[in-house]
Amino acid sequence: MGKVFVSNHPLIAHKLTSIRNKDTSTKDFRALVHEVAMLMTYEVTQDLPLADTEVQTPLTLTKGKQLAGKEVVLVPILRAGLGLLEGILKMIPDAKVGHIGLYRDEKTFKPVEYYYKLPTDAAERQVILVDPMLATGGSASAAISFIKQRGVKRISLMCLIAAPEGIKVVQDAHPDVDIYAAALDECLNECAYIVPGLGDAGDRLFGTED
């Protein structure tokens, strides 16, 4: 079973409180999401492979470590996943970026892929799927399935806030995928919103609230 990591870092907890605040402006909300994404990248990338290397310091030649193999691929789920992307890229500027777009079919209620673009060699890389909210788990689980269909085997899921229901859905469907969250909230309400949550992450990121 893939691991579930829920942050207990004081800086993340502090910034997440401001992110939850309904009075936080779009500008500040976006900046805070970027900052939390940067902090969370430390945990999501802790298993990246390293290779030995040598480096010339101002004093002497010494041994060091560098990332080995091909760069990771970041895949935000459109559109809200874009809000985390910039923060991660500040920490991994060489990462490649793919995109996946999903919508829910009104008749079957199943997620349908409407956009997919990954590097042609994505199957040889580690993919970090990014979405701020893991609520029902339907979209994340479907996105992971679509990515796996292209031959990708190493996938992690990164989100700001997760609900227990969403974690269960993803783990049941994809027990090989690690989940990283800044917080684990109580539950989903009758409208499938995470409680206490932060509202609609996409609307708050892009200023499109009614």
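This is a predicted model: local features need pLDDT of at least 70, side-chain atom pairs count only at pLDDT 80 or more; totals for chains, interfaces and linings use all residues.

Colleague: Let's zoom in on Ser-18: which helix is Ser-18 found in, and which residues is Ser-18 in contact with, leaving aside its neighbours within four places in sequence?

Modeller: Ser-18 is found in helix α1, which covers residues 10-20. Once you leave aside the neighbours within four places in sequence, Ser-18 is in contact with Thr-24 and Leu-32. Its relative accessibility is 28%, so Ser-18 counts as partly exposed. Now for some distance: Lys-63 is 45 residues from Ser-18 along the chain, and the C-alpha atoms of the two are separated by 42 Å.

Next, hop over to Lys-15, whose place is in helix α1 too. Lys-15 has a relative accessibility of 19%, and because buried means under 20%, this lysine counts as buried. With the neighbours within four places in sequence left out, Lys-15 is in contact with Leu-32, Glu-35, Val-36 and Leu-39.

Last stop, Asp-131, found in the loop between β8 (126-130) and β9 (133-134). Asp-131 is buried yet has no salt bridge. The nearest side chain of opposite charge belongs to Arg-79, 9.4 Å away. What does Asp-131 touch instead? Beyond the neighbours within four places in sequence, its contacts are Ile-77, Ala-80, Gly-81, Leu-84, Met-158, Cys-159 and Leu-160.

Terms used: Residues are numbered from 1 along each chain as its sequence is written. Side-chain values use heavy atoms; hydrogens and water are left out. Helices (H or I, at least four residues) and strands (E, at least two) are DSSP runs, numbered from the N terminus. Buried means under 20% relative accessible area, exposed over 50%, partly exposed in between (1.4 Å probe, protein chains only). Lys and Arg count as positive and Asp and Glu as negative; His and the chain ends are not counted. A salt bridge is a side-chain nitrogen of Lys or Arg within 4 Å of a carboxyl oxygen of Asp or Glu. Contact means heavy atoms within 4.5 Å.
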